[in-house]
Amino acid sequence: MNKLPVYCFILIFMIACQPKAKEKFDLLIINASVIDIAGGKILPGKLIGINKDTIQLVANMASADSYASDQIIDVKEKFVMPGLWDNHVHFRGGDSLINENKNLLPLFIAHGVTTVRDMGGDISPSVLQWRNKIREGQLEGPNIFTSGPKLDGADPFWAGSISIGKLEDIKPALDSLEDLKVDFVKIYASSLSPDLYYRIVEACEKRGLKVTGHIPLSADHFDAIEFGLDGIEHLFPLLSLASPIGDSLRQLNLGFGMFPQVLETYDEDFARAAITKLASKDFYVTPTLYVSQVIMQLADMDPTVDSLLPLIGPGIQLTYERRIKQAQNRSAEGKQLMLDMDIRERSLVLPMFQAGITILAGSDCGPSNAYVYPGAALHNELALLVETGLTPQEALSTSVISGPKFFGLDEYYGGIEVGKVAHLIMLTENPLENIENVRSIDLVLKGANIYDRSKLRTLKTQ
Ligand SMILES: [Zn+2]
């Protein structure tokens, strides 16, 4: 008998019996209950393989023997979801507060916020520097998308804004923003005529720049959208759309003086029709409910019982005074108007969401906005979105799915899937059952940075 086939058989047998090499990852997270935010489901018993800052594997624990890593985190059935996005924050207060602003960065991470959309201020060179350093792993903090300086009219409200008083100012303003490599454009419309505003929006559209912000109260929302406006920050600019005399009120150019009449003539059917029309566009609305609530309560707040205030620098605390004094001096009618506006504003959120307008969770935290703290304020915003009628899953989607969508980055964020960025938070309680559970943060993972409970605590006291 020829012996060759026998040798071949033995060789094949030996190869087959060799233990299969395990696939190796920089980091393995095991025993995870993965929260699928888009699907609103919990996927228990998962392991997540990460290389550098990218998720490379999501598999069942039954196959755990096939994978290895020098670094394994057993999350023991804790809930794992994508890091939170706060889609409306500010860094500002002048050069003397640059360091105090920088000290806010760890606070975001300590509360599970791994990305922020900065809506502009007066320390843009520093914010841009932080943005780049964080991306390169040289500075700890949330990923930053920034508008750089805000655009405003001839007489800007906020320090550091770029003033556009006439048509010829638009080109150099947008050139300078492009030179800074900003991520989008924010318009603050305190002193802009509707026509100049439309021209700015149109110019942004032509350059392919995303543009959001305020809208002059006398401008037509739908015209602005036709020119290329991508979104609106806060809900008050939308209220006049719900009044049958909204068009004429806007044309009277009454500014905030139009709101008593807007509320008197508020009509649910008009509101619904306007929402349907807005939803026919690819449009983003950032309600910023929490900052409105705080501003209404400012006069009666007792900061001495506030456990988060000591985490904020003394210079930033001084910036709170303007809003606090405003609140203390507000007349009874002024207070009532704010309250009435707030009720109507909140009633818009659920119908807008259901109609398909993309809602963004944003807290408006930062200097000047008293007691609206980085990180914690986003948790409060999510809770308020649930109060307006969104489910916890829908509220979470306005943070972690809609945030990346604004920048066309859905492919890389918003879920725990192969190819997505490894910005993850681990919670001890299920946030799909109760949105308050989003506060139960046990561990934050941002690429190569792993923050366990003790590290998260130190981030709050740095
Ligand atoms: Zn803001």
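**Helix packing, sheets and domains**

Modeller: Let us begin with a helix pair: Ala271, Arg272, Ile275, Thr276 and Ala279 in α10 meet Leu348, Pro351, Met352 and Ala355 in α14. Please bear in mind that this is a predicted model.

Colleague: How do the residues of the contact of α10 with α14 divide by class?

Modeller: Seven are nonpolar, one is polar and one is charged.

Colleague: At what angle do α10 and α14 pack?

Modeller: The angle is about 40 degrees, and the axes of α10 (residues 268–279) and α14 (residues 332–355) are 9 Å apart. The two helices are therefore oblique to each other, since 65 to 115 degrees would be needed for roughly perpendicular and under 35 for roughly parallel.

Colleague: And which hand does the crossing have?

Modeller: The crossing of α10 past α14 is right-handed.

Colleague: Let us take α11 and α15 next. Where do their axes come, and at what angle do they cross?

Modeller: The axes of α11 (residues 289–297) and α15 (residues 376–387) come within 8 Å, with a crossing of roughly 100 degrees. That makes α11 roughly perpendicular to α15.

Colleague: Which residues meet there?

Modeller: From α11, Leu289, Tyr290 and Gln293 take part; from α15, they meet Ala377, Asn380, Glu381, Leu384 and Leu385. By class, this contact of α11 with α15 has five nonpolar residues, two polar and one charged.

Colleague: Turning to strands, how do β2 and β3 pair?

Modeller: Strand β2 (residues 27–36) pairs with β3 (residues 41–51) in the antiparallel sense, over seven bridges. Within that pairing, Leu27 stands opposite Ile50 in β3.

Colleague: Which residue has a positive phi in the hairpin of β2 and β3?

Modeller: That is Gly40, with a phi near 65 degrees; the hairpin has four residues between the strands.

Colleague: What does β3 do on its way to β4?

Modeller: β3 is joined to β4 (residues 54–60) by six bridges, and the two run antiparallel. Ile50, the residue opposite Leu27, also stands opposite Ile55 in β4. The hairpin of β3 and β4 has two residues between the strands, and Lys52 takes a positive phi near 55 degrees in it.

Colleague: How are the side chains of a regular strand arranged, in general?

Modeller: In a regular strand they alternate between the two faces of the sheet.

Colleague: Now the sheet with β15, β16 and β17. What is the strand order, and is the pairing parallel or antiparallel?

Modeller: The order is β15-β16-β17 in an open sheet of three strands, and the pairing is parallel. β15 (231–233) and β17 (358–359) are at the edges with a single partner strand each, so one side of each has no neighbour in the sheet.

Colleague: How many bridges join β15 to β16?

Modeller: Three bridges join β15 to β16 (residues 284–286), and Glu233 stands opposite Thr286 in β16.

Colleague: Finally, how is the chain divided into domains?

Modeller: Domain 1 covers 18–81 + 420–453, and domain 2 covers 84–406. Taken over C-alpha atoms, their centres are separated by 33 Å.

Colleague: How many residues are in contact between the two domains?

Modeller: 18 residues of domain 1 are in contact with 19 residues of domain 2. On the domain 1 side, the elements giving two or more residues are β18 (423–427), β19 (441–446) and β20 (449–451). β19 gives the most, with three residues.

Colleague: And what is the make-up of that side of domain 1 by class?

Modeller: The residues of domain 1 that touch domain 2 divide into 11 nonpolar, four polar and three charged.

Methods: Residues are numbered from 1 along each chain as its sequence is written. This is a predicted model: local features need pLDDT of at least 70, side-chain atom pairs count only at pLDDT 80 or more; totals for chains, interfaces and linings use all residues. Two strands pair if DSSP finds at least two bridges between them. Domain bounds come from an automatic or database domain assignment. Two residues are in contact if their C-beta atoms, placed from the backbone, lie within 7 Å. Ala, Val, Leu, Ile, Met, Phe, Trp, Tyr, Cys and Pro count as nonpolar, Asp, Glu, Lys and Arg as charged, and the others, Gly among them, as polar. Axes are lines fitted to C-alpha atoms, for helices over the stretch in contact, and angles run from 0 to 180 degrees between N-to-C directions. Angles under 35 degrees count as roughly parallel, over 145 as roughly antiparallel, 65 to 115 as roughly perpendicular and the rest as oblique. A crossing is left-handed if the near helix is turned anticlockwise from the far one by less than a right angle, and right-handed if clockwise.
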